[in-house]
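Here is a guided walk through one protein model, with the sequence and coordinates at hand. Settle in, and let's take the pieces in turn.

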Amino acid sequence: MLSAQKAGILKRGLARRLQNGRRLLLRGGENMDGQWTNQDVKRANRSRVFRYFCEAGTSSLPEAARALGMSLPTVTQNVKALTESGLLQAGGSLDSTGGRRAKAFCLCARAHLSVGLSVTAGHLGGVLLDLQGQVLHTKRERLPFAPGEAYARAAAAFLDAFLEEAGAAGAPYGLGIALPGILDRTRGLLTRSHALGLRDVPLSALTAPFAQPCLLLNDANAGAFAEASGGGLPARFFYLSLSATVGGALVENGTLVEGTSFRCGEIGHMTIYPDGKPCYCGKAGCLDAYCAAKALSKKRPLAEFFAALQKGGAPEKKKWRSYVEALSIGVHNLQMLLDCPVVFGGEVGAYLPPFLPEIRAQVAARDPFADPAPLLNCRYTKEAAALGAALAERARFLSEV
Ligand SMILES: [Zn+2]
């Protein structure tokens, strides 16, 4: 376990990161008060140059200056500093456009790796990214969650094996963890996780099994972050995660909306049928009771369920009708409130593309305007929460360069 002093440092570190996260929402080098300082401008320039190399991989200095609209001396100075930090290095190959080749610099993509872990009631998943955002390794293991030392040891062993398999043992890395629970960043608490059976657990206790500070995220928020990072989606959308539990997240202007009590998007516990089926939260008639993966298939893989459904199996069709009815009520309510596209993610979301017209028709039938906002497929069908946690950790690292 962490000492109180170390936990304090961790909490302050998280607060600083959150502040950094908020800073990213501001324009350029503007600070929290809307004022620019020299230091802010320098930092923003450093960050822009580094992000450029994270995208481009390899570039000459004149090419970087042109792409960034910066002066050559500013780019040169920042590339020198980034090279001294071990984040860039001289070299790499550039396509010749004739004439003398400009000296190239390239990203040291493994100078910092980002690990995302996804904790669920039954499994632990992992995704490893390099600085360019390339997925280097993924892993998923059955590991039932149970608070205590044994689980903490198993999770730490999973991480060690994961890094070893990726050939990244000993490499510098940061850790993001996605889990199904409400994370109150103001109080530094996981206030509630029905799925994991936790209440009012300090965030420091959750990260204690790991050697370094971690970024913690709600699992649906992590999935939404992955989708938002993937590009191609509108700036405002709702991510509906349909997995072992049902959750959601609202993205506005490319940023997650967390809500007053960090519960924004908890659509799994929206009442669909008053006094309906019992939900694991203790209430009845929640969307989760009708639209979690187990509503379709308790034991066999979802792939088998959907294969049987597409062959016209009667028991599958019955379950599917009930599933789509509840889903369309939930999505309709959501759209009446938010009027934005809905992205279907999670384990069930991965199988929904062929059924979108049917779901859309049922949502439209409930819509008094008969014109619901678009329903979209997710881009990431596997380990989206772990990927989102890794991407958020990578974003944190980039914001601090
Ligand atoms: Zn519920």
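In which sense do strand β12 and β13 pair, and over how many bridges? Strand β12 (residues 237–242) and β13 pair in the antiparallel sense, over 6 bridges. Before going further, please keep in mind that this is a predicted model, in which local features need pLDDT of at least 70, side-chain atom pairs count only at pLDDT 80 or more, and totals for chains, interfaces and linings use all residues. Residues are numbered from 1 along each chain as its sequence is written.

## The chain as a whole

The protein chain holds 13 helices and 16 strands. Both are DSSP runs, numbered from the N terminus: helices are H or I with at least four residues, and strands are E with at least two. Of the 401 residues in the protein chain, 37% are buried. Here a residue is buried if 20 or more other C-beta atoms lie within 10 Å of its own, exposed if 12 or fewer, and partly exposed in between, with C-beta atoms placed from the backbone.

Among contacts in the protein chain with a separation of 6 or more, 59% link residues 24 or more positions apart. Two residues are in contact if their C-beta atoms, placed from the backbone, lie within 7 Å.

## Around β13

Back to our opening pair: β12 and β13 form a hairpin with 3 residues between them, and Tyr239 has Ala249 as its bridge partner in β13. Strands count as paired if DSSP finds at least two bridges between them. Strand β13 (residues 246–252) has 6 of its 7 residues buried, so it is largely enclosed by the rest of the structure.

On to the next partner: β13 also pairs with β14, in the antiparallel sense over 3 bridges. Glu252 stands opposite Thr255 in β14. The hairpin of β13 and β14 has 2 residues between the strands, and Asn253 takes a positive phi near 50 degrees there.

## The five-stranded open sheet

Next comes an open sheet of 5 strands with mixed pairing, in the order β6-β5-β4-β7-β11. The edges are β6 (135–142) and β11 (214–218), each with a single partner strand, so one side of each is left without a neighbour in the sheet. On average, neighbouring strands of this sheet are turned by 15 degrees against each other, direction ignored. Within the sheet, strand β4 (residues 113–119) runs antiparallel to strand β5 (residues 123–129), with 6 bridges joining them. Val115 stands opposite Leu128 in β5.

Helix α5 (residues 149–165) packs on the sheet and touches β4, β5 and β6, and its direction makes about 145 degrees with that of β6. Helix α7 (residues 219–230) packs on the sheet too, touching β4, β7 (173–179) and β11, and its direction makes about 95 degrees with that of β11. For these values, axes are lines fitted to C-alpha atoms, for helices over the stretch in contact, and angles run from 0 to 180 degrees between N-to-C directions.

## β3 and its partners

Strand β3 (residues 104–107) has a covered face, made of Phe105 and Leu107, and an uncovered one, made of Ala104 and Cys106. Strand β1 (residues 58–60) pairs with β3 in the antiparallel sense over 3 bridges, and Ala104 in β3 is the bridge partner of Ser60. Strand β2 (residues 88–90) and β3 also run antiparallel, joined by 3 bridges. Here Ala90 stands opposite Phe105 in β3.

## A helix pair

Helix α2 (residues 38–56) packs against helix α3 (residues 61–68) at an angle of about 110 degrees, with their axes 11 Å apart. The two are therefore roughly perpendicular to each other, a term for angles of 65 to 115 degrees, while under 35 counts as roughly parallel, over 145 as roughly antiparallel and the rest as oblique. Arg48, Val49 and Tyr52 of α2 make the contact with Ala64, Ala67 and Leu68 of α3.

## Two positive phi values

Most residues other than glycine have a negative phi. Asp200, which is not a glycine, has a positive phi of about 50 degrees. Asp200 lies in strand β10 (residues 198–202) and is exposed, with 10 other C-beta atoms within 10 Å.

Is Phe262 buried or exposed? Phe262 counts as buried, with 21 C-beta neighbours inside 10 Å. Its phi is positive as well, near 60 degrees, and Phe262 sits in the loop between β14 (255–257) and α8 (287–291).
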